[in-house]
Amino acid sequence: MSYYAKAQTVKPPLIANENAFLGDVASSEKLDPAKPISAGFYRLEKGTPLVYEYTYHEMKVIVEGSFDISDEAGNKVHAVPGDVFYFPKGSKITFTTDDYGLGFYCGQRAEGAA
């Protein structure tokens, strides 16, 4: 077992634009390098939308704030805490927010490969 106290309270590193932050908290890469999973937090603050193409499968749970999430097919969801998403490999997703949103994710990828 691994335990990460208060992991949600640490702001993840900036990854894109001026307002998109993401940081892995844990990964199985060292134990299972052939089929790793990595988990952590994604935060988006008001500003530039983030368009992201997934090269791996990912689950995301919204834990704070809200996101407006859309895909290439035109599906749109106003996501709030407690909402769960599955983004299949190959999905192209657009994230926006009027204030900020924080999600916890678990993706089928190596640590730092987002």
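The model is predicted, so local features need pLDDT of at least 70 and side-chain atom pairs count only at pLDDT 80 or more, while totals for chains, interfaces and linings use all residues. Residues are numbered from 1 along each chain as its sequence is written, and side-chain values use heavy atoms, with hydrogens and water left out.

Let's start with the charged pairs. Take a salt bridge as a side-chain nitrogen of Lys or Arg within 4 Å of a carboxyl oxygen of Asp or Glu, and the count is 4. In one of them, K11 pairs with E45, with the closest N and O atoms 2.9 Å apart. K11 sits in the segment before β1 (14–16) and E45 in strand β3 (residues 38–45), so this pair ties together parts 34 residues apart in sequence. (Strands are DSSP runs of E, at least two residues, numbered from the N terminus.) E45 also meets R43 in a salt bridge, at 2.9 Å from N to O, and shared partners join K11, R43 and E45 into one network.

Next comes R109, whose salt bridge to D24 has its closest N and O atoms 2.7 Å apart. R109 is buried at 5% relative accessible area, whereas K11 is partly exposed at 47%. (Buried means under 20%, exposed over 50%, partly exposed in between, with a 1.4 Å probe and protein chains only.)

Finally, D68 is in strand β6 (residues 67–71) and is partly exposed at 26%. The side chain of D68 makes a polar contact with that of H78 at 2.7 Å. (That term means a pair of N or O atoms within 3.5 Å; within protein, one must be able to donate a hydrogen and the other to accept it, and residues adjacent in sequence count only if both atoms are side-chain atoms.)

Technical notes. Helices (H or I, at least four residues) and strands (E, at least two) are DSSP runs, numbered from the N terminus.
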